[in-house]
Amino acid sequence: MQRLVIVSNRVPPPSGVAAGGLGTCILDALQDHDAVWFGWNGDLVSTESEITSACARYDRLTQITMPLTERDYREHYLGFCNAALWPVHHCRLDLARFAPGCIEGYRRVNLRFAKEVMSRLRPDDLIWVQDYHLIPLGSNLRALGARNRLGFFLHIPFPPPEVLLAVPEHLWLLNALCSYDVVGFQTNADRQNFFRFACGHLDGEPMSGNTLRIAGRIVTAVICPAGIDTHSFSEMAKSRRAAAEIERLRRVGEPLINIIGVDRLDYTKGLPERLRSFRRLLELYPQNRKATTLMQIAPPSREDVQAYAQIRQELEGLCGEINGQHGDVDWTPVRYICRNVAREALAALYRGSQVGLVTPLRDGMNLVAKEYVIAQDEEDPGVLVLSRFAGAAEDLREALIVNPYDLDEVAHAIQRAITMPREERIERHQALAVRVRERDAHNWMAEFLCALDIDRAPALSFELASARHRRAARHAWMAPRPAPAISSAVL
Ligand code: ADP
């Protein structure tokens, strides 16, 4: 049977909390599949000689993981991925750091991962590489002799070319990206930026539809918005445990209105701006005092990168300021929780909140927005306030779309959400729920794999595919299949 081989920087445990969109989306999507997942296990060792890979099997999923060295962690993970690529892709050149030597660490880890994958590869494996940490992995695999179909999905935004030019060795990086057969993006805007770069700064030539000829090869660029497993999430939100949690929420502090924000503690999430918008709400609409609470759940991430330590300090300072200035003995305006929360509890908190506040300054997709929608009670749903700079805003048009930099605009939108008549809430929620279900984690994977596995899905045109086609595509992929004839001469 043909295997799906996924490679990502970090492999999360198959159960439990994965505070990050990539882990959530892949774990949700893999429920129906046999797959092998390669990546870092989260451990660090001192020297390369101590690196050994381990294999673990969980139902239909095999995870092959290995540690990084401390130097890899510093240079590849913190140095190049998180201090250089992450800010650049989120248009934060002011925070980007291109420390000497880090790109070598990035090359080194990508080559090591490629060798590990290569050593276990079968000729008919479909390989799907995930995210910006591993852009050169595909070209490494090709150089090592892999003739398999290679796909890559970018979970974060693809910035305008003018911004990407700031990355040292951007031509090498982008040429490596073009060595995949299929490259997937979250939004149309991301794909357009990719085409602009490939045609304006590499020798890319647009072909029909979503393909590009570059360096004698054809690259297909698809849009597959990441999603969640809507069925299991909505079941969680309706569970008895969730109901008990919501009841507890109502008893503690007794706010009439609860606004919820759930984000990794990251400067791209617009957390200080969000708190300032909430403060504006209390100033502009003082009737919310003692009646409305913002619950912000923000587990720390990447604390070894300076910009992350700073954002945490700023956020905690603002929480203290707002609570000190506006709070009272019987009311805490901002409840700030700085740790991971079990997924069931999150689902309950979303359901028990009248407003979901998702206001990143820039975000590849944002699964929290989708989780909030799906967790709602259909008869009495809350309202999603969503940043126009989240990838999710391309689809979730019935949310209250805001500019997160405009504090007054966000404050007015929150007030509109709080006071929105029930019929309007239901109408908006119905439309949003349809879109979130249509674009769930399973369809994300099915659409990408159909583009990658062209022998089995030659006629699918994904941009035009209706929901019916997408479901059919999903079932085609899930059906048992004969040994495929994948050949490197396909393109
Ligand atoms: P990103 O990938 O940038 O972190 P997303 O919104 O796409 O952002 O995905 C975040 C994922 O992590 C969601 O599934 C969300 O439920 C989960 N998550 C975020 N914060 C927490 C938390 N405190 N506890 C548990 N899960 C969290």
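Student: Which residues come nearest the ligand?
Tutor: G21, R264, K269, V341 and E371, out of 21 residues around the ligand. "Around" takes a heavy atom within 4 Å. This is a predicted model: local features need pLDDT of at least 70, side-chain atom pairs count only at pLDDT 80 or more, and totals for chains, interfaces and linings use all residues. Numbering runs from 1 along each chain as its sequence is written, and side-chain values use heavy atoms, without hydrogens and water.

Student: What does the side chain of E371 reach?
Tutor: An oxygen atom of the ligand, 2.6 Å from an N or O atom of that side chain. A polar contact here is a pair of N or O atoms within 3.5 Å.

Student: How much of the ligand gets buried?
Tutor: The protein buries 94% of the 570 Å² that the ligand exposes taken alone. Areas are Shrake-Rupley, 1.4 Å probe.

Student: And which backbone atoms are involved?
Tutor: A polar backbone atom of R339 is 3.1 Å from a ligand nitrogen. For L367, a backbone N or O atom lies 3.0 Å from a ligand oxygen.

Student: Why does the ligand lie between the domains?
Tutor: Because domain 1 (4-227 + 440-478) and domain 2 (231-438) both give residues to the shell. The bounds come from an automatic or database domain assignment.

Student: New topic. How do β3 and β4 pair?
Tutor: Antiparallel, over five bridges, with β3 at residues 54-58 and β4 at 61-69. Strands are DSSP E runs of at least two residues, and pairing needs at least two bridges.

Student: What is the bridge partner of A56 in β4?
Tutor: Q63.

Student: What's in the turn?
Tutor: Two residues separate the strands of this hairpin, and D59 in the turn has a positive phi of about 45°.

Conventions:
Polar contact = N/O pair within 3.5 Å; in protein donor to acceptor, adjacent residues only side chain to side chain. Helix = DSSP H or I, 4+ residues; strand = E, 2+ residues; numbered from the N terminus.
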